[in-house]
Every structure is written in structure tokens, then in C-alpha cells.
Amino acid sequence: MYVVIGVLPFIIQNTNFHHVMVIFLIFAAVGEAWNIITGFAGQTSFGHAAFFGIGAYTSSVLFWKFKINPWAGMLAGAVLATVTAAIVSYPAFRLKGHYFAIATLAVAEIIQQLVVSWDYVEGATGISIPVVADGFLNLQFHKSKIPYFIIAYVLFGVVLLISYLVENSKLGYYLKAIRESSDAAEAMGIDHALYKLIAMMISAFLTAIFGSLYAQYILYIDPFMVFSMNISMKIVLLVVLGGIGTIMGPVIGAAILIPLSEYTRILFGGTGKGIDLIIFGMLVVLVACYQPHGIVGMLRRMSLLKVSATKGGGATHAGRNAVS
Amino acid sequence: MLAQVIASGILMGFIYALVAIGLTLTWGVMDIINFAHGEFLMLSMYSAFWMYTLFRTDPLLSLPLEALLIFVLGYVTYKIVIKRVADAPGLTALLATFGLSLVLRNLAQFLWTPNYRFLNQTLVTDKKLAFAGIVLGLPQVVASVGSVIMTLAVFYFVQRTRMGRAIQATALDKATAKLMGINTELVYGVTFGLSGACVGVAGALMSTFYPIHPESGALYSLLAFVIVALGGFGNIKGALQGGIIIGLAEALGGYFLGTQFKYAIVFLIYLLVIQLRPQGLFGW
């Protein structure tokens with residue numbers, strides 16, 4: 001699967017397609033990051049746009065105001081997002097279920113509104129990242145989208161690896177225990193606040209990295225683009241669509257959702273009448289109604305049916321596919 | 001001046017509360033987050049607009065029609081979409097209602113353009129009420145009073161009628177309610193309809209002073225999420241008090257810190273309250 005994604009843009013030489021692939025990789029990776037805190041640890045976050053936006057703004061502002069290399073800015077953004085995640089989510093972990101979800105939403109909205117009225121970063125106008133010479137070091141490429149694709153692809157691979165490592169480590173087992181029953185996990189001696197905090201910090205760090213990459217790719221950001229609830233919801237939707245709590249889920253979800261939204265936008269968006277989003281919304285409703293367990297759930301049921309004749313290992317089978 | 005700000009904050013609070021009560025009903029009874037709630041509100045506002053534009057019927061007179069229309073919309077939404085996702089794991093229902101909100105919002109944009117529309121010749125337009133140095137717009141006062149009446153009606157319905165008690169019973173324990181002979185399917189449908197009727201009324205009332213466009217409902221549903229969580233999920237009294245708190249926070253925050261920060265203050269209040277009462281003000 002990972003190899004196929006890597007080869008595709010070299011087979012299909014089309015700028016629109018390359019654009020869709022870059023956006024797909026960015027959102028698949030952010031979906032994986034969100035999946036760590038919500039899929040594994042069961043803490044629904046409706047506010048990941050906050051980390052995405054912090055990543056995008058930190059690297060952009062550092063580059064624009066202080067000429068700091070975007071790679072260093074990316075790292076700075078990730079660290080800042082991690083610190084923010086720690087500060088805001090630690091007190092919020094006492095909250096259960098929806099109360100936590102609304103708290104994350106509130107945090108993201110507050111940050112968005114502060115940025116909107118912050119003149120130093122141009123407020124609602126947004127930042128145009130200064131165009132400099134092409135090159136890996138500057139993280140800007142003007143002739144082709146392929147270098148962006150390769151960078152996104154490599155970083156996405158790292159995220160997949162991290163997700164896999166988290167899932168199959170002690171941390172992953174603790175997180176799933178907390179998800180299933182936080183009281184029982186605590187009775188077993190698992191410090192649930194600590195592990196949720198670690199999961200949230202990893203998740204925020206990775207999300208911010210891709211926020212920076214997104215900013216460097218689009219070369220323009222404003223608070224409504226990167227901090228908006230639409231970004232948070234897009235992340236939630238694609239993971240739920242693909243299959244929450246699995247490593248393949250976010251990838252499959254993004255592979256369906258991103259091309260769908262980008263291509264309907266390219267095809268119908270020009271009319272300005274919102275036809276693209278009507279079609280997109282209808283498909284989302286249909287999937288939710290007929291595939292409530294997500295696409296991975298559907299595949300797993302199908303493979304279970306086949307595998308059960310020989311061996312009852314459908315779940316581990318699907319798990320192994322995730323990294324190959 | 002301060003009294004003026006407080007008074008208008010409370011007026012808006014009652015309207016927010018009515019929208020939030022609609023949301024808290026479905027959230028509390030069925031554990032479903034209806035992301036299309038704001039779009040129901042928007043559709044009610046458009047329907048009031050068209051009733052006025054096409055038939056010269058004042059929003060205050062066409063109000064029962066909007067309530068009925070959105071009740072039916074809620075009921076049908078339950079039957080066609082929500083029913084299928086009600087028992088699905090965690091966030092699937094959210095996926096469905098979010099998709100629905102996209103469809104409704106963009107359908108409105110497709111049919112009626114994204115332009116802002118105003119009703120500026122209604123029975124209450126441009127009239128003012130002055131009382132002890134406080135001047136309030138009549139549209140806001142009427143909308144607020146109407147919201148209070150609807151809130152009381154919903155409260156009475158849920159507390160006192162047979163159907164209302166069936167809703168409460170189903171919210172507590174669906175399986176047992178079913179065993180007791182309650183038609184839980186009907187209860188869910190009616191709950192969704194009632195939730196729609198709340199925004200149906202709120203939309204008609206708001207159409208007299210609020211711009212009508214496809215995004216009209218978005219801000220209200222966002223605030224309603226916070227109000228519902230502030231008051232405790234499924235709690236009507238909580239939603240009412242949460243609405244007033246948020247209305248006041250918005251008005252006072254805008255007055256003291258500048259309007260650009262008024263919603264930041266609203267969300268901050270939620271975060272602070274939730275630290276003291278993790279289950280919301282009236283949740284359990």
C-alpha cells in the first residue's frame with residue numbers, strides 16, 4: 001500500500017493529481033496523529049486545528065519576520081504545539097466524553113480568535129510566505145509539486161511508523177485499556193492522566209509538523225484556513241470514515257475523502273454554488289448510514305468471512321497489512 | 001450603559017437557550033450530536049423570509065408554520081438518516097449529521113445564493129422599548145419573550161405529558177422503556193421533531209433582526225454546543241441557565257474587552273466552569 005502511494009505520482013503525470021496526492025498525504029498523516037489520542041486512547045478531540053494552525057503559523061511567522069529556516073520553524077512549531085497540548089489538555093483530562101470534546105473545541109476557537117485579532121501576525125488578513133529560491137533547504141519548490149510530494153511521503157512514512165510503534169508498545173496497550181475503561185485501567189495501576197498526556201503530546205507534535213508543511217506548500221495562511229473547525233472536523237471525518245482506532249483507517253479515509261473533496265471542488269467548485277459540497281455531504285451521509293464501522297470495518301468483516309474458513313486471524317491479518 | 005449591556009445580554013441568552021434546548025434534547029435522549037442543528041435554524045429563517053416575501057405573512061404570524069415545518073424535517077431526518085446510525089459506534093452518527101449539515105448549507109447556497117437577506121418591514125422592525133433609561137430593540141424583546149414561552153412549553157411537555165415522560169424514560173434506559181411498552185422508535189422521532197421545533201420557533205423569531213444567509217446557523221450551533229455542555233447534557237434547565245450565562249458573557253465580554261474577543265470569552269467561561277464542575281452545571 002505504502003509503495004503504491006509512492007509510485008502513483010510518477011505514473012500519472014498530472015499537476016492536479018500531484019496536488020491531490022500532497023493534500024492526501026498531509027491529511028492522512030494528521031488523521032494518524034489524531035487517531036493516537038482519539039482512536040487509541042478514546043479521548044475525542046474536536047480541536048486538532050489548534051495544533052495544525054500553531055504549526056502553520058510558527059514556521060511561517062519565524063520565516064517571514066526573522067528569516068528562520070522553515071525546517072527549524074517546523075520543529076519549533078511542533079514543540080510549541082506539544083507544550084500547548086500539555087498545558088490545555090492536562091486539566092481537561094478530568095472531563096469525560098463529550099465534555100472533553102467540547103473543551104478541545106473551545107480551546108481551538110479561542111486560539112483562532114486570538115490570532116484573528118493579533119495584528120503582529122496580520123490578524124484576519126493572513127500571511128503570505130515570502131517566495132525564495134527553489135530548494136530543499138528553503139522548503140519551497142515552484143516548478144513541480146513532486147518534491148513536496150516526496151517530503152510529505154517521507155514524513156507520512158515516519159508518522160505511520162510512529163503510529164505502529166505506539167500501537168504495539170506498552171503505551172498503546174495502556175491507551176487501549178484506558179479507552180475501554182478508564183476506571184478499570186486505573187485499578188490496574190495505570191496512571192491514565194499521564195498516558196493520555198503522552199498520547200496527546202505525540203499527537204499534537206505530529207499534527208503541527210504537517211501544519212507547517214501545509215503552510216509551506218500553499219505559501220499563504222490565514223486563521224480561518226488553518227485554525228477553523230472545518231479542519232478539525234475534516235480530520236475527525238476522514239478517520240471515522242476509514243475506521244477509527246486502526247492504522248489503515250486514516251489512510252483509507254483520506255484516500256477517499258481528500259480526492260473526493262478536491263476533485264468535486266475542481267470539477268464543480270468553479271460555479272461557486274456549492275454543488276461540490278452537496279455531493280460530498282451526501283456521500284458522507286451514505287457512508288455513515290451503510291458502513292457504520294468505517295471502511296476498515298467493512299474490509300475486516302469481509303476478510304473475516306474468508307479467513308474464518310481457514311484460520312480465525314482476520315484482525316491480526318488486517319493489522320499486518322497496515323505496515324506493509 | 002452597563003445595565004443596557006446586561007439587559008441585551010440576557011435577551012440574547014434566552015434565544016441561545018432555546019436553540020441549545022433543541023440540541024440538548026437529542027444529545028441527552030439519544031446521545032447524538034446533531035451537527036445539522038444550526039442548519040435547521042437557518043432553514044427556519046429562510047422559510048420565514050420566503051413566507052414574508054411571497055405571501056406577505058409576517059414572521060410572527062408564520063411562526064407556527066416554521067415550527068411545524070422544522071418539526072417534520074427533524075422527524076424525517078430521524079427516520080431516514082439518524083435511525084440507521086443511532087446504534088453505530090461512537091462518532092458515526094456525527095459523520096452522518098455533519099454530512100447532512102454540509103448538504104443543507106450548500107443546498108441553501110445553491111438555491112438562494114450566499115447573499116445576506118434582511119426582513120426590514122415586519123411588525124416589529126425599528127421599534128424600540130425604553131424603560132428606566134434602557135433602550136431595547138423590539139425585535140430582540142419579542143424574540144426573547146417568544147423563546148421563553150417556547151422554552152416553558154417544551155419544559156411542560158417533557159415534564160408533564162405522557163409523551164414527555166416516555167422521552168425521559170427512554171433517555172434513562174432504552175431497553176427497559178421498550179419492555180414497559182414504550183414505542184421508543186416513535187419517542188426518538190418525536191424527540192428529533194421537538195428539537196427541530198425549538199429551532200423552528202427560534203429561527204422565525206430571529207428572522208426579524210438577524211441577517212439570513214446559508215451560514216446564519218453556524219455560529220448558533222457552535223454556541224449551542226458550549227451551552228449544552230455547560231448546562232449538562234440532556235438537561236433543559238441547564239441549557240436555559242447556560243444560555244443566559246453565555247448571553248451575558250458575550251455581551252459583557254464585548255463591552256469590556258472589545259467585540260473581537262466576545263466569543264473567546266464565551267469559550268473561556270466554559271473551560272473555567274468545567275474545571276469546577278466537570279459534569280456541567282446541572283449534569284450528573
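Predicted model: local features only at pLDDT ≥ 70, side-chain atom pairs only at ≥ 80, totals over all residues.
**Figure 1. Meet the whole complex and its confidence scores.**
For the complex, the predictor gives an ipTM of 0.84 and a pTM of 0.85. Chain A has a mean pLDDT of 84, with 92% of its residues reaching 70 or more. One stretch to treat with care is residues 308-324 of chain A, where the pLDDT is below 50. Beyond near neighbours in sequence, that stretch has 22 contacts in the model. For chain B the average pLDDT is 89, and 99% of the residues score at least 70.

**Figure 2. Chain A on its own.**
Looking at chain A, you can find 15 helices and 2 strands. Its C-alpha trace spans about 60 × 45 × 40 Å along the principal axes. How does the radius of gyration of chain A stand against that of a compact globule? A compact globule with 324 residues would have a radius near 20 Å, and chain A agrees, because its own value is 20 Å.

**Figure 3. Chain B on its own.**
Chain B is built with 11 helices and 2 strands. Taken along the principal axes, the C-alpha atoms of chain B fill a box of roughly 60 × 50 × 35 Å.

**Figure 4. Where chain A meets chain B.**
In this view the two chains come together, with 36 residues from chain A and 35 residues from chain B taking part in the contact. On the side of chain A that touches chain B, the elements giving two or more residues are α5 (97-116), α11 (229-242) and α13 (275-290) of chain A. Which of them gives the largest share? That is α5(A), with 11 residues. Sorted by class, the residues on this side of chain A are 26 nonpolar, 7 polar and 3 charged.

**Figure 5. Two helices of chain B packed together.**
Here helix α3 (residues 59-85) of chain B packs against helix α4 (residues 92-112) of chain B, at an angle of about 150 degrees and with the axes 8 Å apart. Angles over 145 degrees count as roughly antiparallel, so α3(B) is roughly antiparallel to α4(B). To follow the contact, look for T77(B), V81(B), I82(B) and V85(B) on α3(B), and for T92(B), A93(B), A96(B) and L100(B) on α4(B). The contact has 6 nonpolar and 2 polar residues, and no charged ones.

Strand β1 (residues 128-131) and strand β2 (residues 134-137) of chain B run antiparallel and are joined by 4 bridges. Which residue of β2(B) is the bridge partner of F131(B)? The partner is I134(B). Further along the pair, L129(B) stands opposite L136(B) in β2(B). Between the strands of this hairpin there are 2 residues, and A132(B) takes a positive phi near 50 degrees.

Technical notes: Residues numbered from 1 in each chain as written. Chains lettered and ligands numbered in written order. Contact = placed C-beta atoms within 7 Å. Nonpolar A, V, L, I, M, F, W, Y, C, P; charged D, E, K, R; others polar. Axes fitted to C-alpha atoms, helices over the stretch in contact; angles between N-to-C directions. Parallel < 35°, antiparallel > 145°, perpendicular 65-115°, else oblique. Pairing = 2+ DSSP bridges. pLDDT = per-residue confidence, 0-100. Rg over C-alpha atoms; globule rule 2.2 N^0.38 Å.
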